[in-house]
Amino acid sequence: MHELGIVFHVIDRLEELAEENGVSRISKVTLEIGEVSGVVHEYLTDCWAWAVNGSRVRSDVLRGSELVIEPLPAVTVCNSCGKTYPTVSHGRICPFCRSEDTVLVSGNEMSIKEIEAC
């Protein structure tokens, strides 16, 4: 389960940011996660709850914080006809011209979108 590793990485980064900016408490974190990133949202949420309420956090800055996940749609562009389309419903084959010369342009990423401090 790589979701636990992702949570540990995000927590480490958030604790660094809190220290750099003099933040003593983070109440909510919003992550943007691409729909073809391979991250299982339920696992990520469970790992987050375990980590921020347990001994994983170095400080209390994240203890009890809420995690919000915003899914990002996967979009593919066709190099043959230049059109974009939703990846999940059509896969690698362009629904417009049937070409397989396509490239995923978004939907595989994950980023910290928003941090609410109090």
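This is a predicted model: local features need pLDDT of at least 70, side-chain atom pairs count only at pLDDT 80 or more; totals for chains, interfaces and linings use all residues.
Me: What is the place of R98?

Reply: R98 sits in the loop between α3 (87-90) and β5. Residues are numbered from 1 along each chain as its sequence is written, and side-chain values use heavy atoms, with hydrogens and water left out.

Me: Why is R98 called exposed?

Reply: The relative accessible area of R98 is 57%. Exposed means over 50%, buried under 20% and partly exposed in between (1.4 Å probe, protein chains only), so R98 is classed as exposed. The phi of R98 is near 70 degrees, a positive value in a residue other than glycine.

Me: Which strand holds T102, and what makes T102 buried?

Reply: T102 belongs to strand β5. Its relative accessibility is 10%, so T102 counts as buried.

Me: How do you know that the side chain of T102 has a polar contact with R92?

Reply: A polar atom of the T102 side chain lies 2.7 Å from the backbone oxygen of R92. A polar contact is a pair of N or O atoms within 3.5 Å; within protein, one must be able to donate a hydrogen and the other to accept it, and residues adjacent in sequence count only if both atoms are side-chain atoms. With neighbours within four places in sequence set aside, T102 is in contact (heavy atoms within 4.5 Å) with residues including T76, V77, Y85 and R92.

Me: How do you know that β3 pairs with β5?

Reply: Four bridges join β3 to β5 (residues 102-106), and the two run antiparallel. Strands pair if DSSP finds at least two bridges between them, so four is enough.

Me: What makes β3 and β4 a pair?

Reply: Three bridges join β3 (residues 75-78) to β4 (residues 84-86), and the strands run antiparallel. V77 stands opposite T84 in β4. The two strands form a hairpin with five residues between them, and G82 in the turn has a positive phi of about 85 degrees.

Me: Why is the aromatic pair of F8 and W50 called tilted?

Reply: A search of the whole structure finds one aromatic pair. The ring centres of F8 and W50 are 6.2 Å apart and the planes meet at 40 degrees, so the pair is tilted. The rule takes rings of Phe, Tyr and Trp (its six-membered ring) with centres within 6.5 Å; planes under 30 degrees apart are stacked, over 60 edge-to-face and the rest tilted. F8 lies in helix α1 (residues 3-20) and W50 in helix α2 (residues 41-52), so the pair ties together parts 42 residues apart in sequence. At 23% relative accessible area F8 is partly exposed, whereas W50 at 54% counts as exposed.

Me: How do you know that E116 and K28 form a salt bridge?

Reply: The closest N and O atoms of E116 and K28 are 3.5 Å apart. A salt bridge needs a side-chain nitrogen of Lys or Arg within 4 Å of a carboxyl oxygen of Asp or Glu, so this pair qualifies. E116 is in strand β6 (residues 110-117) and K28 in strand β1 (residues 26-34), so the pair ties together parts 88 residues apart in sequence.

Me: Which other salt bridges are there?

Reply: The whole structure has four salt bridges. Among them is K113 with E70, at 2.8 Å between the closest N and O atoms. This pair links K113 in β6 to E70 in strand β2 (residues 66-72), 43 residues apart. Another joins the side chains of R13 and E16 (3.1 Å, N to O). R13 and E16 are three residues apart in helix α1, about one helical turn.

Me: What makes the largest nonpolar core, and which residues have the most contacts inside it?

Reply: The largest nonpolar core has 20 residues, with V29, L44, W48 and L62 having the most contacts inside it. Such a core is a set of buried Ala, Val, Leu, Ile, Met, Phe, Trp, Tyr and Cys residues joined through side-chain atoms within 4.5 Å. α1, β1, α2 and β2 each supply at least two residues of this core, and the largest share, six residues, comes from α1. Not counting residues up to four places away in sequence, V29 touches L14, W48, L62, E66, L67, V68, I112 and E114.
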